[in-house]
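Q: I'd like to learn how to read a protein model. Can you walk me through one?

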Amino acid sequence: MKTVFIVSAVVAFCIALQYILYINGFLVIRAMSALVFLSTTRWWSTRPSAKVRACTGFARKVLKFKESRTYHFSFTSELSKGSITAEIQGRNKETLLLLDGDNTSGVLDVKAGERYYLVVRFKGATGSFELSWS
């Protein structure tokens, strides 16, 4: 009986820790299949990037900005197959900015402390991408 309580407490603690890390932008949720997914930078930096091969799915993380202002986003990709898009979504998951191979830059007015989501979608993608903002 004591063991069941301890195991339950540990599981609850791990779930709470994962939620806290995700909601503060330190945990990335990935739902994808890929032959290769190599991220060369930290996803919580202002320059997430990756090299992929035969990748389909998405990666999502929370973005919180320290100050209210206009941010400039830049997206670059080199693909031999498929597509990669980057979306900035609002609190209710509505798309505020969509960047891809055709639309490589954009601006977004953000509020400090507000929660935004970065969603990078892969559709049979082989190549690399980099997203940056300042």
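Q: What is the average pLDDT of the protein?
A: This is a predicted model, so start with pLDDT, the predictor's confidence in each residue. The protein averages 90, and 96% of the residues score at least 70. Confidence is highest in strand E5 (residues 95-99), at a mean of 96, and lowest in strand E2 (residues 36-38), at 85.

Q: How many bridges join strand E4 to E6?
A: Six, and the two strands run antiparallel.

Q: Does Tyr71 count as buried or exposed?
A: Buried means under 20% relative accessible area. Tyr71, which lies in strand E4, has 7% relative accessibility, so Tyr71 counts as buried. Beyond its neighbours within four places in sequence, Tyr71 is in contact with several residues, including Gly106, Leu108, Val110 and Trp133.

Q: Which residues have the most contacts inside the largest nonpolar core?
A: In soluble globular proteins, nonpolar side chains tend to be buried together. Here the largest nonpolar core has 23 residues, and Phe65, Phe73, Ile84, Ile88 and Phe122 have the most contacts inside it. Strands E3, E4, E5, E6 and E7 each supply at least two residues of this core, with E7 giving the most, eight. Take Phe122: leaving aside neighbours within four places in sequence, its contacts include Met32, Phe37, Ile84 and Phe129.

Conventions:
Residues numbered from 1 in each chain as written. Predicted model: local features only at pLDDT ≥ 70, side-chain atom pairs only at ≥ 80, totals over all residues. Heavy atoms only, no water. Pairing = 2+ DSSP bridges. Helix = DSSP H or I, 4+ residues; strand = E, 2+ residues; numbered from the N terminus. Buried < 20%, exposed > 50% of the residue type's maximum accessible area, 1.4 Å probe, protein only. Contact = heavy atoms within 4.5 Å. pLDDT = per-residue confidence, 0-100. Core = buried A, V, L, I, M, F, W, Y, C linked by side-chain atoms within 4.5 Å.
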